[in-house]
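Have the sequence and the 3D view open as you read.

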Amino acid sequence: MRTLEKTLPVRRLKPGPATNVRHTARPLWEALAFPALALSFALLTAGCTKPSGPPPPVDSPAYYTEVVQPILRENCYRCHGGMNHKGDLRLDSPEAILHGGKRGVDVVPGHPESSLLITLIRHEQKSDPPGPMPPKSKLTEAEIAAVTAWIRAGAKMPAME
Ligand code: HEC
């Protein structure tokens, strides 16, 4: 009994197993924190770059989200998206695209030649309203070809899956 009473307080002052755990735990946490930071940075920058590799099949909803939607977002949303719906037309959701504008359906899946949207982005209707779209610039030939091919292939969008 005597020896126990004497040795216990002394042992508590010495660095015990609990203190050792704390010392080894810190480097482990640091070792985990750095890759975690690096990974989230890589994910952030990946989100800013365009997806590389060949585009998805033209008759897949992914073609809309990866190729067509960025073209519309860049060139049309400021007048046909959010609070803006010039010509009663919004182009920022699949439902709105298929709903069309005040002249009716502007995108006829399978038929670019009957789609007013194609006539307008090709700037074939220069003098008659609603006029060429966008009004003050023109999409590149590659962009026009992509939107045309997408409509010809059925204008597939995620909501239609
Ligand atoms: C600077 C604003 C502006 C931009 C950018 C713009 N539009 Fe328009 N758009 C209009 C206006 C204004 C009308 C309505 C004109 C009218 O009814 O006479 C219209 C009408 C339309 C219509 C006819 C809607 C209907 O049914 O009457 C289509 C289709 C269209 N735009 C497609 C597009 C596409 C596709 C883009 C992008 C490539 C685009 N627009 C970019 C201003 C814009």
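What you see is a predicted model, in which local features need pLDDT of at least 70 and side-chain atom pairs count only at pLDDT 80 or more, while totals for chains, interfaces and linings use all residues. Residues are numbered from 1 along each chain as its sequence is written.

The protein chain has 7 helices and 0 strands; helices are DSSP runs of H or I with at least four residues, strands are runs of E with at least two, and both are numbered from the N terminus. Of the 161 residues, 16% count as buried, meaning that 20 or more other C-beta atoms, placed from the backbone, lie within 10 Å of the residue's own.

Now look at helix 3. Its 15 residues should span 21 Å at 1.5 Å a residue, and the 20 Å between its end C-alpha atoms agrees with that; the expected span is 1.5 Å times one less than the number of residues. Its buried residues are Y63, Y64, V68 and L72, and what covers them includes helix 4 (77–80) and helix 7.

V68 leads us on to the largest nonpolar core, which has 20 residues; V68, I121, V147, W150 and I151 have the most contacts inside it. Such a core is a set of buried Ala, Val, Leu, Ile, Met, Phe, Trp, Tyr and Cys residues joined through C-beta atoms within 7 Å. Helix 3 (61–75), helix 6 (116–121) and helix 7 (141–152) each supply at least two of the core's residues. Beyond its neighbours within four places in sequence, V147 is in contact (C-beta atoms, placed from the backbone, within 7 Å) with V68, I71, I118 and I121.

Technical notes:
A residue is buried if 20 or more other C-beta atoms lie within 10 Å of its own, exposed if 12 or fewer, and partly exposed in between; C-beta atoms are placed from the backbone. Two residues are in contact if their C-beta atoms, placed from the backbone, lie within 7 Å.
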